[in-house]
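Hi everyone, thanks for making time for this. I'd like to walk you through a structure bit by bit, so please have it open while I talk.

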Amino acid sequence: MTAIRYSTAGESHGKALVGFIEGIPSGLFLSTEDIDRDLKRRQGGYGRGGRMKIESDHAEILSGVRWGKTIGSPVTLLIENKDYKNWIEAMSSNAKAEGSIPAVVKPRPGHADLSGAIKYCHHDMRNILERSSARETAMRVALGAVAKRFLSEFGITIGSYVIQIGRIQVQSSKFKVKSFGTELLSIFKKAEKSPVRCPEREAEKQMITLIDRAIREGNSLGGIFEVFVLGLPVGLGSYTQWDRKLDGRLAQALMSIQAIKGVEVGLGFEMSSKFGSEGMDEIFYRAKSKEQRAKSENTIWGFYRKTNNAGGIEGGITNGMPVILRAAMKPIPTLRKPLRSFDITTKKPVQAAYERSDICAVPAAGVIGEAMAALTVADAFLEKFGGDSISETLRNYNSYMKYVKRF
Ligand SMILES: Cc1cc2nc3c(=O)[nH]c(=O)nc-3n(C[C@H](O)[C@H](O)[C@H](O)COP(=O)(O)O)c2cc1C
């Protein structure tokens with residue numbers, strides 16, 4: 001059972017991408033500006049290809065919102081593909097247009113081209129690459145922006161930043177999990193100003209130099225980004241069944257992004273090299289004094305941790321600390337200096353097909369990671385608190401938070 005359902009459709013050079021999200025309560029303020037902001041962030045980043053210069057994504061709201069507020073029915077979104085005007089015949093649904101462009105017959109290593117062609121019995125791999133392309137993620141970002149808007153009603157913030165491109169890593173250990181809320185927000189702010197979405201200036205410089213080298217050499221790059229979720233209450237997700245564990249759900253959500261090949265929660269792989277005494281986040285408790293109560297002072301009280309190696313999730317449940325996720329992206333597989341392949345019709349050796357392509361898309365992948373995290377967390381949030389209207393969800397949330405504070 002999921003509280004939120006969402007899906008996307010559309011080809012990379014088709015007329016448009018469409019998507020819907022169902023389960024968002026009524027009464028949530030939602031505008032196209034909320035969505036377009038993230039669409040723009042996804043389009044940016046040093047090392048993107050020519051396509052991003054053609055597209056300037058804008059989401060049209062087709063259903064589910066009236067007079068600026070959600071009405072409880074599915075929210076449907078549409079993003080036009082500006083490049084479609086150059087592909088009208090090539091992407092036509094009309095049988096008469098068949099053969100208007102040559103078939104793609106040289107599969108690219110690292111893409112769905114060959115396996116997809118065999119699976120769906122196509123001899124023109126355009127039928128595969130049009131949908132397997134990461135263009136589809138523009139709609140995921142749009143749907144994720146709806147989820148973010150919802151979560152922000154409860155003080156929940158999501159962000160991301162790049163910590164590695166190729167072999168260049170940020171130096172500061174601050175960016176590797178240990179940080180808390182305010183620090184994460186300041187890291188995020190710095191990253192938002194960077195063309196590679198990296199919070200450290202020296203690493204940023206070296207990353208740009210490396211991307212320039214890949215551009216010159218007809219090559220490509222991958223890297224690593226971190227996503228954080230701040231303000232989550234304790235208790236989202238559950239240990240009671242494998243598919244209810246929030247860490248597992250988030251891992252799948254991030255891994256479903258094109259080119260993501262590894263996901264970590266908290267310290268992740270680094271945790272395996274620690275002694276038990278070093279890896280866990282010890283539990284502390286501070287009672288709220290009468291004076292604090294009177295002044296409603298904001299110092300930490302109740303249960304708290306001094307570290308966050310677990311990345312905010314223990315036993316598949318949020319523990320009230322920031323959720324920290326990390327995803328590794330492989331290098332972009334389409335290369336200007338193409339790799340070896342075989343023609344699927346002649347069975348002769350060829351160079352893989354080349355289509356205008358990104359050189360490095362890690363900064364954009366971080367924004368997509370935010371969207372997937374938002375959708376997953378919003379689902380877990382509504383599963384816990386329910387509510388068909390925002391006011392109902394808020395009542396349920398407030399009552400739970402009162403209980404948590406007294407626990
Ligand atoms: C934001 C983003 C942009 C991408 N841009 C390209 C691109 O321009 N060219 C390309 O070959 N692959 C690109 N990819 C990666 C491919 O879509 C992906 O490697 C391919 O679909 C195969 O899927 P897999 O790597 O998950 O196995 C991009 C991925 C993301 C997340």
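**Walking through the sheets, helices and ligand site**

Okay, let's begin with a pair of strands: β7 and β9, the latter covering residues 223–230, run antiparallel to each other and are joined over 8 bridges. Before I go further, keep in mind that this is a predicted model. If you want to find that pairing on your screen, look for T157, which sits opposite L230 in β9. Another spot to check is V162, which faces F225 in β9.

So is β7 buried or exposed? Well, 8 of the 9 residues in β7, which spans 157–165, are buried, so the strand is largely enclosed by the rest of the structure. β9 is mostly covered too, with 6 of its 8 residues buried.

Now, β7 has another partner. It pairs with β8, residues 168–169, again antiparallel, and here there are 2 bridges. Q164 stands opposite Q169 in β8. The two strands form a hairpin with 2 residues between them, and in it G166 takes a positive phi near 55°.

Let's go to β9 again and look across to β15. Those two are antiparallel, with 7 bridges between them.

Take α6, residues 181–192. This helix has 12 residues and reaches 16 Å from its first C-alpha to its last, close to the 16 Å expected at 1.5 Å a residue. Which of its residues are buried? They are L184, I187 and A191. Looking down the axis of α6, those buried residues fall within an arc of 65°, so they line one face of the helix. If you're wondering about the spacing, an α-helix has 3.6 residues a turn, so residues three or four places apart point the same way. Turn to the face of α6 that points away from the buried side, and you'll find the exposed residues T182 and K189.

Compare that with α11, residues 362–385. The 24 residues of α11 should span 34 Å at 1.5 Å a residue, and the end C-alpha atoms are 34 Å apart, which agrees. This helix is mostly covered, with 22 of its 24 residues buried.

How many residues surround the ligand? There are 21, and the closest are A134, Q258, T334, D358 and A361. The largest share of that shell comes from α11, which gives 3 residues. By type, the shell divides into 10 nonpolar, 9 polar and 2 charged residues.

One last stop, and it's a loop. S220 lies between α7, at 201–216, and β9. Is S220 buried or exposed? S220 has 25 C-beta neighbours inside 10 Å, and the cut-off for buried is 20 or more, so S220 counts as buried. Now follow the chain along to L232, 12 residues from S220: the C-alpha atoms of the two are separated by 37 Å.

Terms used. Residues are numbered from 1 along each chain as its sequence is written. This is a predicted model: local features need pLDDT of at least 70, side-chain atom pairs count only at pLDDT 80 or more; totals for chains, interfaces and linings use all residues. A residue is near a molecule or strand if its C-beta atom, placed from the backbone, lies within 6 Å of it. Helices (H or I, at least four residues) and strands (E, at least two) are DSSP runs, numbered from the N terminus. Ala, Val, Leu, Ile, Met, Phe, Trp, Tyr, Cys and Pro count as nonpolar, Asp, Glu, Lys and Arg as charged, and the others, Gly among them, as polar. The expected span of a helix is 1.5 Å times one less than its number of residues. A residue is buried if 20 or more other C-beta atoms lie within 10 Å of its own, exposed if 12 or fewer, and partly exposed in between; C-beta atoms are placed from the backbone. The arc is that of the directions from the helix axis to the C-beta atoms. Two strands pair if DSSP finds at least two bridges between them.
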